[in-house]
Amino acid sequence: MHSVAGQVFVLQVAVVLLLVIAAVTALVLQARKDSGVAYIIAFDTKGIRWTHPDPNLIGKPVVGSYAEALAGRVHQETYDTPGVGRAVDTMVPVFDTDGKSSDRSPSASRSGASTSG
């Protein structure tokens, strides 16, 4: 990428990627507000976070298995967490308009709520 054209292309790809991530983040924030859940995390088929309440975790792998969502199934787990209380974590698959999942769109979304905090 030593040519000006190559550098412009890389810049265009970066801008498009940032716009896509901004659009996904806006949708996630609106869905979180509308649903009343404590968090929503969107990630790709490789488990890399696209959105997270802690911006430092964006781009890092999700914790735990997401195999159910990749298989197209909803998975829900309830557990107790110190300082937060009883929490419910739900993972759902996310598909594009053709009903498929790809690395170009979030493959799953994890959301949760707790009884306190």
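The questions and answers below concern this predicted model.

Trainee: In what order do the elements of the protein chain run from the N terminus on?

Mentor: The protein chain holds two helices and four strands. One of the helices is H1, which covers residues 4-35, and strand S1 covers residues 39-43. Read from the N terminus on, the order of elements is α-β-α-β-β-β.

Trainee: Which residues make up the largest nonpolar core?

Mentor: There is a second, separate core of five residues, and it includes Val-24, Val-28, Ile-40 and Ala-42. The largest core has six residues in all. Its members are Ile-41, Phe-43, Val-62, Tyr-66, Ala-69 and Met-91.

Trainee: Is the aromatic pair of Phe-43 and Tyr-66 stacked or edge-to-face?

Mentor: A search of the whole structure finds one aromatic pair. The ring centres of Phe-43 and Tyr-66 are 5.3 Å apart, and their planes stand at 70 degrees. Planes over 60 degrees apart meet the cut-off for this class, so the pair of Phe-43 and Tyr-66 is edge-to-face.

Trainee: How many residues apart in sequence are the parts that this pair ties together?

Mentor: Both Phe-43 and Tyr-66 are buried. Phe-43 belongs to strand S1, whereas Tyr-66 sits in the loop between S1 and helix H2, residues 67-70. The pair therefore ties together parts whose separation in sequence is 23 residues.

Trainee: What distance separates the C-alpha atoms of Pro-93 and Tyr-66?

Mentor: Pro-93 is in strand S3, which covers residues 85-93. Pro-93 has a relative accessible area of 16% and is therefore buried. Along the chain, Pro-93 and Tyr-66 are 27 residues apart, and their C-alpha atoms are separated by 9.2 Å.

Trainee: Which side chain is joined to that of Thr-90 by a polar contact of 2.8 Å?

Mentor: Thr-90 is also placed in strand S3. With a relative accessible area of 17%, Thr-90 is buried. The polar contact of 2.8 Å joins the side chain of Thr-90 to that of Gln-76.

Trainee: Which residue forms a salt bridge with Arg-73?

Mentor: Side chains of opposite charge can pair when their charged atoms come close. The count comes to one salt bridge. The closest N and O atoms are 3.0 Å apart, and the partner of Arg-73 is Glu-68.

Trainee: What is the area of the nonpolar surface patch made by Phe-9, Val-10 and Val-13?

Mentor: Val-13 is located in helix H1. With a relative accessible area of 43%, Val-13 is partly exposed. Together, Phe-9, Val-10 and Val-13 make a nonpolar surface patch of about 260 Å².

Trainee: How far apart in space are Gly-59 and Asp-44, C-alpha to C-alpha?

Mentor: Gly-59 is found in the loop between S1 and H2. Its relative accessibility is 45%, so Gly-59 counts as partly exposed. Gly-59 and Asp-44 are 15 residues apart in sequence, and from C-alpha to C-alpha the distance is 9.9 Å.

Methods:
Residues numbered from 1 in each chain as written. Predicted model: local features only at pLDDT ≥ 70, side-chain atom pairs only at ≥ 80, totals over all residues. Heavy atoms only, no water. Core = buried A, V, L, I, M, F, W, Y, C linked by side-chain atoms within 4.5 Å. Buried < 20%, exposed > 50% of the residue type's maximum accessible area, 1.4 Å probe, protein only. Phe/Tyr/Trp six-rings, centres within 6.5 Å; stacked < 30°, edge-to-face > 60°. Polar contact = N/O pair within 3.5 Å; in protein donor to acceptor, adjacent residues only side chain to side chain. Patch = residues over 30% accessible without salt bridge, like charges linked within 9 Å, V, L, I, M, F, W, Y side chains within 5 Å. Areas by Shrake-Rupley, 256 points an atom, 1.4 Å probe, with all protein chains shown as cover. Salt bridge = Lys/Arg side-chain N within 4 Å of Asp/Glu carboxyl O.
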